[in-house]
Amino acid sequence: MTNTGGFPELRVLGTRLYLGCSAGLAERTAVVDIGWDGELTFDAAVEDRVRKGALALCPEEPLRLVAESDWPTAFLIESQRNLDSGLAAADWLGRWLVAVTVGIQRWAHDPVWRGAVVATSPNRITLAIPWYRETVFAESLELALRLVAQWSRSALPPSFELNAHFGDRWAPMQADGLSPYTLGFIQAGVERGLPFEILPSSAQIGWGAGAERFDMTFTNETSWIAAALAKNKSKASRTMAAAGLPVPASRVVGDVDQAVAAATELGWPVVIKPLDQELGRGVVAGIPNESTLREVFDQTAQYSRQAVVLERFIPGNDHRMLVIRGVFLTATRRIPAGVTGDGERTVSQLVEEVNTDPRRGTVRFSVLKRLTLDSEATSCLADQGLGIDSVPDAGQWVVLQRAANVARGGTALDVTAAVHPDNAIVAERAARVVGLDIAGIDFITTDISRSWREIGGGICEINAQPELVRGELLKASLPGSQRWDPAALAAANRDVEGEALDLFFEGRTPRIPTAAIIGIGAGATARNLAEIWRAEGKFTGVCTSSETRIGDELIGSRELAGYRGARIVLDDPGVEAAVFEITRENVAGSGHPCDRYDVVALLDGQDLRGSDAETLSRAAHAVVVNADDPLCARLRSSASRRVLVSRHTTGSTVAAHRGAGGEAVSVAESDGESWIVLTSGESVSLLTPVAEIRGDVFDAMCAAALAWAQGIDPLVIRQGLSGRNRL
Amino acid sequence: MSDIRLSVGATRLIPGCAHGLRERTALVEVAVTGPVPAGAAAEARIRAGVAQLCPEEPLPGVRHEDWPGAFLLSAPPAAVDDEPAGWLARWLIAVTVAIQRWGRDPVWRGRVVRADSRRVVLAIPWRRDGVLSAAADAAAELVSQWVWPGPGAMSTQLRQWFSPHGATMMSLAGYFGEDWQAIQVGGLSPYTLRFIQAGMNRGTPFDVLPSSVQLGWGGNAERFDMTVTGHSGWMACTLARDKWKTNLTLARQGVPVPQAVLVTDFSQAQRAAEEIGWPVVIKPRKRDMGIGVVTGIADAAGLGRAFDRTAQESAGSVILEQHIRGDDYRLLVVRGRVLSSARRSPATITGDGVHSVAQLVGFLNSEPRRGPGKYSLLSTVQIDDEARELLAERGLSTSSVPEPGQRIPLRRIANIARGGLAQNVTAITHPDNIALAERAARIVAIDVAGVDLIIPDISRSWREVGGVVCEVNAQPGLRPHWLAEPARDIEGEILDALFGDRSPRIPTVAIAGGQHAAATAELLQHIWQCTGTPTGVCSSRMLRIGTALFSSEDLSGSVGTRAIMIDPAMHAAVLELRADRLPADGHPCDRYDVVGVLDAAAAAPELELAERVTDAIALNADDPGCLAAVSRIAAARTVLVSCRRGNAAVGAHLVAGGEAVFLDGTGHIVAARGAATWTLLPWSGDPAVLYAAAFAWVLRIDTAAIADAMTRRLL
């Protein structure tokens, strides 16, 4: 260890893991206290070393949408992104510790996004860090403390890699996390402010009936029948042909003799592929004659348990067209694995050179795959009159694989902007007829910018689990003469998962209406509000400290109070509105079940210095406050609307609030009858006679205030409070 | 000496519907040699004969007394009925259709076209040509033998089939030998067939797609693969298949489930069992039909005996769970609602003090409903290790003679596939238990789900007596419900739940005849599309889907129609039919909402255009041949179209209160019903424009929209 002076050892003093959101985070939160002895220095030079170190942690998997300059802000909540130079050293260090801890967890494929520095003092900081797997979190935190300290002392080479550090444990650690595709969708959601939850077999973006679920590139709208159909290339092709879509004529063959007969009938050249494989395994394209077919047949046949599909070869380039929920989104021209000669080096030397690109990995989720000189490559080389030791001419493009899949070392070029509308229509209709929500259509044509009806072309395959276009992939080097055009470079920054989410949630919000109620009478208020939502015609879930109910069904009682019951409500695919009683005890123990609520009601002022302020800060639209409680009434919140509830029409608090144009729910006499009234500034409207209310009138008023703030029609509120819809 | 008196002659395969059939039609001629006897006695022999053909697989909805009517369209022309060989022809159809159906082809009802004493002509539905011809040959031979019994000339097949004593004790499997299995495997699954049948009973058209069956058309269709519908997701089905993750998911949502642990070896299993408490159940993580499930394991010794077997069935991943006391119930949840609830009980024998266990099992298996295949209504029960264990627990062996009335279960689990029985409890199932099953199906998101409940008493709430959801099946077998409620049409009710109030069909217009049919169809589709209804058109010049041209070839008829009907975005279809090709190709649809007949050739009665109309038929009043057809048309609305001023037939039709579209004195295309008139468009001289506007008007498309669409013609 050199230069140990100047940067102290960092110690974890304590960790609290919450199941829900806490300390201002929108995710499952860990609150960590970190301490040190002595003086801390954290300046630009230190930061530079830490940044270099962090970037070198996992070079083969660049974190999606996190550029070098985005460290550490990409890992912090919105309010902590202003890193002005006046930041105290401890604060600065805290932000980097959050970033590195989150970064390591994310590389381990956990869905963790944004943390925060909660408090700092000269020898101690408190951090709020998102977590998913407890062990991964604990190890990431320990490692982050050690690395940041050592990088700060420049005691560690910048080439420290997670892969090497975790050794054999790294691959299983990643495999036990989420797939990068699922993570991509969640990240796109997080960037759009959408809540997510990890379920045992899928990831959910949104809540209840508004949610969409994902697993890899399957969504809840991917039908089983459709996915099974897409997996069977022959049946999928026949289905598309029946719909009048352009597909190459094909036959299913059982052995090489049948294959030769079929090829003779269809006409050379032909393509063979296994009946039931993906990722381009076993596909051989452009087979010109019987002898080549006989040579390659067994290789393909071994991939398929059933049979081999032989189809007429369509000349042209291979394009992958992505269709999501019926809409054509992107097209990439796929370029098979290959090298460009320089007139000096041999094919194998050129391959070695290409493979030094750190993005070319061997694992399943590497952005690019390494080139391999396998039998397919040898055979391809032979077709070009080359061997692995031949020296191609300068600028000569040497193809190493016939199929242009990324999984087999290929690269891709974004051609979305060039796609002719007729070709886009074909792709969209193919996805529709097969029934896929996310479909990758392999379209072959000599020119994607011209209509298939004019120059031919056809669909050679439809995939239920397409590789999504990754910007990183598109930035990959291209062969010799093919230089980047500006349009392609611009497209390389596309956020396909984000565009997909925009389509999924087009014209609607993935959230359902949510209300949180704290304080005395919260349970009864929650039940009243749930009745109002039912009167509104919504399938409603309500979780109080005594029971959790979905629709008419009692799900459980006290044991589900708080986080668990609220999550049951939010994760039920049928629920259209949610009402929660939030107790301070639950918030302290588990955190919040969700990142924010539409409305929050505070019914007493007993704990304003405790967690209530944080709870109120999670109100997206409005807070409802008990104005008869003087502590409560003084409360200020950041929410745009504040509705007061008071039994006294003439109370000074309410009067002042109304004088300022504010809203309130109170009681007034009309025609000798006592009514609950809604007042907004000077205007007063009668809601319901007090005599119609069953149970405590104040609880009903609070519920009415919440419902009003959530935009429910007063007539419906009255109906809900009367209990008539219970009959 | 008896001889084969019936021989199949020429067969014409028509890809579409013809001769009045609602299905793909074949015209089969059968020559009759020898006198046709009177029906009654011979019919009794045939009826006895067909009962032997496939006793282990009774055809759903066809009772013994329903033959042969169940295989015939309900109203044969009376003239044919009276022909001397009419009854023989009807039986030939029934047997041919039934054999195809047992061969698992979706074929339903045929019709006698002609039946004189030397030759009968039959319209028979078909799917696979090889199966049709095998079935027709077999039917001719079998019916011959039943009608003219005797040892005369028999085919080798038939000689093997009839025993030396002349008794017909063998089945189709025996008659066809090895071919039979291949025929059945090449067909559809019996579940899929039942759905198609339920659809046919409701008048719902079907199409067999490469990996599923579609009921209905275009945007209104539903797809099925066995009991999986197009609305069950890939993720949902994968989750349901993984019993471990299903347990986790349900538990997380507060659904009562048995406490469960995933284990990979015996020592883990033993530890988990100690922790959960005996008795326990083990099951493979991802197997259906009760395979590898062992319940009621009382101790480590029992666990040791069972563990390896289960582990073998599940690639080492075994679920060990709490054994919940109670009976086993299967609730069928369809699109969120419980349809049927059945108690399943394990295969059991009852002692009589006389027979041994082995004999009692033999009796049990001799019930005709029990068969070894997965499609027989009940499964046969083998005396295997599980049965021997259960016997041993009662101190019995296979040769023991149980006491009278002693009930001995032969299985621990109640799956029908393992020999179990089912009993109807739909009416007594407690509403809480129904709500529980519905929620479980919703959480796993299965459209047609089989939810397994274990509960001591289904008539009381699970909250009160304790009960758990132990599985949610994504592709539920319907046997428990067929057994429990044989009188119910479960598949039909499933279809009713899936389609709700919507028609499975989309509006269709068929246009035939003359040089303007193609242009008329294309223009009509354009108008319809312009009103915001996604529409497809196939004509002798194109296939167009919405505004996108997909082909410029002749796709009139079946090929183009199918391209439209399998597109889930399509909500209306315009089809050109070529009169010259209809006799060979048949109709692409069983019926159409609106038919347009534009010339005399298309008006020929044998083309059946008028017979296949449900709403309106439009006829070219300028063509005398067309006009002549008016008298035999039974459609609700007959609309005359004319490109002339003052067509006399139009005038007469209007006077009688009829509808017409024609050219008025001011150079406009006008629609009229009786005395009321609507001006549609100025006359351009193109008859196709008048015809298309007329059809649009017949379809009740707003007249302003028609005019507007015409101005936006893509010409």
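In this predicted model, helix 1 and helix 4 of chain B make a right-handed crossing. Helix 1 covers residues 39-50 and helix 4 covers residues 129-147, and their axes come within 8 Å of each other at roughly 130 degrees. On the side of helix 1 of chain B, the contact is made by B:Ala42, B:Arg45, B:Ile46, B:Gly49 and B:Val50. Helix 4 of chain B contributes B:Val143, B:Trp146 and B:Val147.

Helix 6 (residues 180-191) and helix 17 (residues 496-504) of chain A pack with their axes 8 Å apart, at an angle of about 70 degrees. That angle makes helix 6 of chain A roughly perpendicular to helix 17 of chain A. The crossing of these two helices of chain A is right-handed. From helix 6 of chain A, the residues that take part are A:Gly184, A:Phe185, A:Ala188 and A:Gly189. They meet A:Glu497, A:Gly498, A:Ala500, A:Leu501 and A:Phe504 of helix 17 of chain A.

Helix 19 of chain A spans residues 563-571. Of its 9 residues, 8 are buried, so helix 19 of chain A is largely enclosed by the rest of the structure. The buried residues are A:Tyr563, A:Gly565, A:Ala566, A:Arg567, A:Ile568, A:Val569, A:Leu570 and A:Asp571. Two of these names, A:Gly565 and A:Val569, return in the contacts of A:Thr548. A:Thr548 belongs to strand 24 (residues 548-550) of chain A. Its relative accessibility is 0%, and the limit for a buried residue is under 20%, so A:Thr548 counts as buried. Setting aside residues up to four places away in sequence, A:Thr548 also touches A:Val542, A:Cys543, A:Glu553, A:Leu554, A:Ile555, A:Gly556 and A:Leu560.

B:Glu485 is placed in the loop between helix 17 (479-484) and helix 18 (490-499) of chain B. Is B:Glu485 buried or exposed? With a relative accessible area of 10%, B:Glu485 is buried. Its side chain is joined to the side chain of B:Ser340 by a polar contact of 2.7 Å. Beyond its neighbours within four places in sequence, B:Glu485 is in contact with B:Ser340, B:Ser341, B:Asn424 and B:Thr426.

The other loop residue is B:Leu598, found between strand 27 (592-597) and strand 28 (613-620) of chain B. B:Leu598 has a relative accessible area of 5% and is therefore buried. Which residues does B:Leu598 touch, not counting residues up to four places away in sequence? On one stretch of the chain B numbering, B:Leu598 touches residues including B:Ile511, B:Ala512, B:Gly513, B:His516, B:Ala517 and B:Thr520. B:Val334 is 264 residues from B:Leu598 in sequence, and the two C-alpha atoms are 46 Å apart in space.

Chain A contains 25 helices and 32 strands, and chain B has 25 helices and 32 strands. The C-alpha atoms of chain A fill a box of roughly 100 × 70 × 45 Å along the principal axes, while those of chain B fill one of roughly 100 × 75 × 40 Å. Of the 727 residues in chain A, 60% are buried; of the 715 residues in chain B, 57% are buried. Among contacts in chain A between residues at least 6 apart in sequence, 66% join residues at least 24 apart. The corresponding share in chain B is 63%.

Confidence should be kept in view when reading chain A. Its pLDDT averages 87, and 92% of the residues score at least 70. In chain A, confidence is highest in strand 26 (residues 577-581), at 98, and lowest in helix 16 (residues 486-491), at a mean of 42. The pLDDT is below 50 over residues 472-491 of chain A, yet this stretch has 44 contacts in the model beyond near neighbours in sequence.

How values were computed:
Residues are numbered from 1 along each chain as its sequence is written. Chains are lettered from A and ligands numbered from 1 in the order in which they are written. This is a predicted model: local features need pLDDT of at least 70, side-chain atom pairs count only at pLDDT 80 or more; totals for chains, interfaces and linings use all residues. Side-chain values use heavy atoms; hydrogens and water are left out. Helices (H or I, at least four residues) and strands (E, at least two) are DSSP runs, numbered from the N terminus. Buried means under 20% relative accessible area, exposed over 50%, partly exposed in between (1.4 Å probe, protein chains only). A polar contact is a pair of N or O atoms within 3.5 Å; within protein, one must be able to donate a hydrogen and the other to accept it, and residues adjacent in sequence count only if both atoms are side-chain atoms. Contact means heavy atoms within 4.5 Å. pLDDT is the predictor's confidence in each residue, from 0 to 100. Axes are lines fitted to C-alpha atoms, for helices over the stretch in contact, and angles run from 0 to 180 degrees between N-to-C directions. A crossing is left-handed if the near helix is turned anticlockwise from the far one by less than a right angle, and right-handed if clockwise. Angles under 35 degrees count as roughly parallel, over 145 as roughly antiparallel, 65 to 115 as roughly perpendicular and the rest as oblique.
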